[in-house]
Amino acid sequence: ARGDVGLLTGRRVGVVGTRHTTTAGREAARAIGLGLGAAGVHVVSGLARGVDGHVHRGVLAAEGEGRPIGIVASGLDVVYPREHRDLWQATANCGLLLSEAPPGTRPEPFRFPLRNRIVAALSEVVVVVESREKGGSLITAAQAVDRGVPVMAVPGPMGKRASTGTNQLLCDGAAPVTSADDVLTALSFHHGRSAVHPADLRARQR
């Protein structure tokens with residue numbers, strides 16, 4: 001761990017989505033991050049390209065107590081993607097970076113689904129902003145369902161590939177997200193996972 005493991009005792013929402021975002025998806029991710037951060041809610045994501053990066057930049061721009069929590073698929077000393085080096089550093093400085101991989105571990109493909117289960121496990125609610133018909137964000141949503149964590153999704157236009165997965169989640173019963181307020185409302189009714197003792201993770205703070 002790098003950063004403040006005490007953030008895991010606060011309110012936490014996972015926000016995930018495709019790396020291949022649309023303009024609307026990027027704007028939605030940033031707005032959700034901004035709104036949650038301003039309300040004092042910490043945002044859990046994977047620091048990947050696309051939705052993850054934009055939601056965490058939204059949290060960092062918020063004038064509130066909410067902080068970014070980044071769960072990564074490599075060692076904490078192996079930044080991936082490289083263009084997110086500043087985002088990794090900002091997350092470690094004011095939020096929390098977590099990895100189950102030892103230092104020096106490369107971001108091998110099999111590690112990303114493993115990372116996604118941690119995102120789901122550390123979230124009280126999981127929000128999918130954009131998703132194609134298959135992908136890591138749907139894996140995270142499935143992991144959340146398996147753990148009894150509510151899943152929400154941002155509706156998208158018909159016929160757009162970036163909305164295929166999220167619209168299917170809505171058809172399957174996920175609650176819609178039209179603003180951060182929808183997530184805050186859902187969070188207020190779901191208190192069962194509102195605290196995780198940092199010692200449970202056997203994490204080292206650097």
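Visitor: Hi! Is strand E2 mostly covered or mostly open?
Guide: Strand E2 (residues 12-16) is mostly covered, with five of its five residues buried. Buried means under 20% relative accessible area (1.4 Å probe, protein chains only). Strands (E, at least two residues) and helices (H or I, at least four) are DSSP runs numbered from the N terminus.

Visitor: What kind of model is this?
Guide: It is a predicted model, where local features need pLDDT of at least 70, side-chain atom pairs count only at pLDDT 80 or more, and totals for chains, interfaces and linings use all residues. Residues are numbered from 1 along each chain as its sequence is written, and side-chain values use heavy atoms, leaving out hydrogens and water.

Visitor: Back to E2, which residues sit on each side?
Guide: Arg12, Gly14 and Val16 lie on one side, Val13 and Val15 on the other, and all are buried.

Visitor: Which strand does E2 join by three bridges?
Guide: That is E3 (residues 42-45), running parallel to E2. Strands pair if DSSP finds at least two bridges between them. Val13 stands opposite Val43 in E3.

Visitor: And E6?
Guide: E2 also pairs with E6 (residues 125-128), in the parallel sense, over four bridges. There, Val13 has Val125 as its bridge partner.

Visitor: New topic: which residues of H1 meet H2?
Guide: Arg26, Ala29, Arg30, Gly33, Leu34 and Gly37 in H1 meet H2 residues including His54 and Val55. Contact means heavy atoms within 4.5 Å.

Terms used:
Buried means under 20% relative accessible area, exposed over 50%, partly exposed in between (1.4 Å probe, protein chains only).
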